[in-house]
Amino acid sequence: MTRNLILGAVLSSLVLLAALVSFVWTPFDHTAMNIPAKLQTPNAQHWLGTDHFGRDLMSMIMVGARTSIAVALVAVGIGMSAGVPLGLTAAARKGSWLDEMIMRGNDLVFAFPSLVIAILITAVLGAGAINAIIAIGIFNIPVFARITRGAALSLWEREFILAARVAGKSAARISAEHILPNVTNLLIVQGTIQFSLGILAEAGLSYVGLGAQPPTPSWGRMLSDAQTMVSFAPHLALVPGTAIILTVMGLNLLGDGLRDHLDPKLRVART
């Protein structure tokens, strides 16, 4: 196992553990306000300090991790479940009108920044975690479609695929039985990358008020609330900002480590 894979797995596991533990325990009620204790710096009672309403930041970070992971995970699931079949179909029908239509649709989505599209969709549908999931998931679809198509095209000329075609298997059956298993490793790696981007997108949407709504904690909204108080309470921004950085870094390292571990060419090169 590579160093990146180990470090990425550790960081990602810590965030996941915090999210899971928050279902049964947090140091304080994340919605409980305690005005006399507001803007406390990290101390023995409040390990990460308190916000401008006296809420415990550690409790909010733990529940916020749950929100970010849920939004990003479902959004990646939407992108993968729709994008992978589209990519396989486009590769199987290379050069046809169907392939052209799928790829031009991908180009149309890629012509706009992902966060702009997400903001547009949530602005139309309304603010909320569900609409944030839909917005991020829609952008993930062409990402997985293009990755799948590119990987599948290189396989369609391989001998074992030609043998399957000679045996009379349909394009759909070949895609499901032979192409998909051979691109799964690539999709896993891309999934971790898109997961980290989903975390960032959720934080960005929440920062502008279009993500998860109060009283549900969100790392992005915590940053937004802290921007006017950074000069006298910097921990309000440092705590959620550090959580986002460590989570995204962990997922990127995990993806990079998985790529090194799962790619047979890289394994041969290392040996």
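A: A salt bridge here is a side-chain nitrogen of Lys or Arg within 4 Å of a carboxyl oxygen of Asp or Glu. This is a predicted model, in which local features need pLDDT of at least 70, side-chain atom pairs count only at pLDDT 80 or more, and totals for chains, interfaces and linings use all residues. Residues are numbered from 1 along each chain as its sequence is written, and side-chain values use heavy atoms, with hydrogens and water left out.

Q: How many salt bridges does the rule give?

A: The count is nine salt bridges.

Q: How far apart are the closest N and O atoms of aspartate 51 and arginine 55?

A: In that salt bridge they are 2.8 Å apart.

Q: Is aspartate 51 buried or exposed?

A: Aspartate 51 is buried because its relative accessibility is 3%, where buried means under 20% relative accessible area, exposed over 50%, and partly exposed in between (1.4 Å probe, protein chains only). Arginine 55, at 14%, also counts as buried.

Q: Which residue does arginine 149 pair with?

A: Arginine 149 forms a salt bridge with aspartate 99, at 2.9 Å from N to O. Arginine 149 belongs to helix H5 (residues 129-155) and aspartate 99 to helix H3 (residues 97-110), so the pair ties together parts 50 residues apart in sequence. Helices (H or I, at least four residues) are DSSP runs, numbered from the N terminus. Both arginine 149 and aspartate 99 are buried.

Q: And what about aspartate 256 and arginine 259?

A: Their side chains form a salt bridge of 2.7 Å, N to O. The two residues are about one helical turn apart, because they are three residues apart in helix H9 (residues 235-262). Aspartate 256 is partly exposed at 24% relative accessibility, and arginine 259 is partly exposed at 37%.

Q: Which residues are linked in a network?

A: Salt bridges link Glu100, Arg104, Asp107 and Arg146 in a network.

Q: Changing topic, where is glutamine 194?

A: Glutamine 194 is in helix H7 (residues 171-207). Glutamine 194 counts as buried because its relative accessibility is 4%. Beyond its neighbours within four places in sequence, its contacts (heavy atoms within 4.5 Å) are Val76, Asn140, Val143 and Phe144.

Q: Which residues of H7 meet H8?

A: Ile199, Ala203, Ser206 and Tyr207 in H7 meet residues of H8 that include Trp219 and Leu223.
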